[in-house]
Amino acid sequence: MVAVSSALPLAAAPPAAATTPPAVPAAGPAGVKARTALLADGAGRVRWARGADTRYPIASVTKVMTALVVVRAGDLDRTITVKRSYVDYGVRHGASMAGLRAGDRLTARRLLYAMLLPSGSDAAYALADSYGPGWPRFVAKMNRTARSLGMSNTRYDNFDGLPWPARTADSSTPRDLVRLARTALRYPALRRPVTARTHRLAKTRAHRAYTWTNTNQMLGSYRGAAGVKTGFTDAAGYCLLFTAARGRRTLIGAALGAPTSADRFDDAARMLNWGFGVPTDSLLRTTESRD
């Protein structure tokens, strides 16, 4: 297990030394449509923010914390049997699904891909139920982890970001989410899924064949993009926790409450381009996605 410090300051960046490239303009990126957003460098220093500490529902971005709790607990090769209740839960809520089949047996490691790529709520339920044990205990672990990371404006009500038990369940802020991302991405078992565009499992005696595609359209479209997670509900709007690297520079950001799916990716590209100091004349071409 990797030792991770919970001290994740998000302070203003120090003045650039004479030998470093000129700082990006102070005005910030133009055209960002998200209700609230933040961009930080790899060390956690805030480069630009709008409503950094304003809480909004975060929808399936919640699943990053679900994954972090699982990865920190370890035992990722444990076998989890898919219960009918996991599948029925997703169908009942109209959730994004990994298409898991009741009776299939998959490792927790595989279920992380099923949860993080297609944003499968069926996979999230399976992990929470196994690692709680039971989802209420698991959600309590999520909140304890958030407090340990200094995410003081975050509350988890469930394990996947769906709008229950209240419409505004699972709320956080851009600042808190960047703290979460900086910690989560230090774990290879979590970093690998969020950077994968697709993941395929061949059929075995334990499970059917599966192919999962990542909902994060930044991957393969924006140079250097390396995760992290999309989210959508009516209350949350379109959300994106994202990161990218160019050379030795890494930027991490969050955009919450964008009006459309395409807007959140456009916002991320505008913020990253501004942070890297590159032109914004060629932004992403994306399609609508419900998560």
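Leu127 lies in helix H4 of this predicted model. Its relative accessibility is 0%, so Leu127 counts as buried. The cut-off for that label is under 20% relative accessible area. Beyond its neighbours up to four places away in sequence, Leu127 touches Val70, Ile80, Ala108, Leu111, Leu112, Met115 and Phe138.

The protein chain has 8 helices and 11 strands. It contains 291 residues, and 57% of them count as buried. Contacts between residues at least 6 apart in sequence were also examined. Of these, 66% join residues at least 24 apart. The chain exposes about 12300 Å². Carbon and sulfur atoms supply 50% of that area.

A search of the whole structure finds 10 aromatic pairs. In one of them, the ring centres of Tyr86 and Tyr125 are 4.9 Å apart. Their planes meet at 50 degrees, so the pair is tilted. Tyr86 lies in helix H2 (residues 84-93), and Tyr125 lies in helix H4 (residues 121-131). The pair therefore ties together parts that are 39 residues apart in sequence. Both partners are buried: Tyr86 has a relative accessibility of 2%, and Tyr125 has a relative accessible area of 16%.

Another ring pair also involves helix H2. The ring centres of Tyr89 and Trp164 are 6.1 Å apart. Their planes stand at 75 degrees, so this pair is edge-to-face. Tyr89 lies in helix H2, while Trp164 lies in the loop between helix H5 (135-148) and strand E6 (171-172). The pair therefore ties together parts that are 75 residues apart in sequence. Tyr89 and Trp164 are buried. Ring pairs link these residues into a cluster made up of Tyr86, Tyr89, Tyr125, Trp135, Phe159 and Trp164.

Charged side chains also meet aromatic rings. Arg78 lies over the face of Tyr131, 3.7 Å from the ring centre. The charged end of Arg208 sits over the ring of Tyr210. Here the distance to the ring centre is 4.9 Å.

Strand E10 (residues 237-246) has 10 residues, and 9 of them are buried. This strand is therefore largely enclosed by the rest of the structure. Strand E9 (residues 225-233) runs antiparallel to E10, and 7 bridges join the two. Phe232 stands opposite Tyr238 in E10. A hairpin of 3 residues joins E9 to E10. E10 also pairs with strand E11 (residues 249-258). That pairing is antiparallel and runs over 8 bridges. Within it, Ala244 has Leu251 in E11 as its bridge partner. The hairpin of E10 and E11 has 2 residues between the strands. In this hairpin, Gly247 takes a positive phi near 65 degrees.

Asp41 is found in strand E1 (residues 36-41). Its relative accessibility is 10%, so Asp41 counts as buried. A polar atom of the Asp41 side chain lies 3.0 Å from the backbone nitrogen of Ala43. Not counting residues up to four places away in sequence, Asp41 touches Arg47, Thr250 and Leu251.

The side chain of Asp291 makes a polar contact with the side chain of Ser60 at 3.0 Å. It makes another with the side chain of Ser119 at 2.9 Å. Not counting residues up to four places away in sequence, Asp291 touches Ser60, Ser96, Ser119, Lys229, Thr230, Gly231, Phe232 and Arg264. Among them is Phe232, the residue that stands opposite Tyr238 in E10.

How values were computed:
Residues are numbered from 1 along each chain as its sequence is written. This is a predicted model: local features need pLDDT of at least 70, side-chain atom pairs count only at pLDDT 80 or more; totals for chains, interfaces and linings use all residues. Side-chain values use heavy atoms; hydrogens and water are left out. Helices (H or I, at least four residues) and strands (E, at least two) are DSSP runs, numbered from the N terminus. Buried means under 20% relative accessible area, exposed over 50%, partly exposed in between (1.4 Å probe, protein chains only). Contact means heavy atoms within 4.5 Å. Accessible areas come from the Shrake-Rupley method with a 1.4 Å probe; for residues, only the protein chains shown count as cover. Two strands pair if DSSP finds at least two bridges between them. A polar contact is a pair of N or O atoms within 3.5 Å; within protein, one must be able to donate a hydrogen and the other to accept it, and residues adjacent in sequence count only if both atoms are side-chain atoms. Rings of Phe, Tyr and Trp (its six-membered ring) pair if their centres lie within 6.5 Å; planes under 30 degrees apart count as stacked, over 60 as edge-to-face and the rest as tilted. A charge sits over a ring if NZ of Lys or CZ of Arg is within 6 Å of the ring centre and within 35 degrees of the ring normal.
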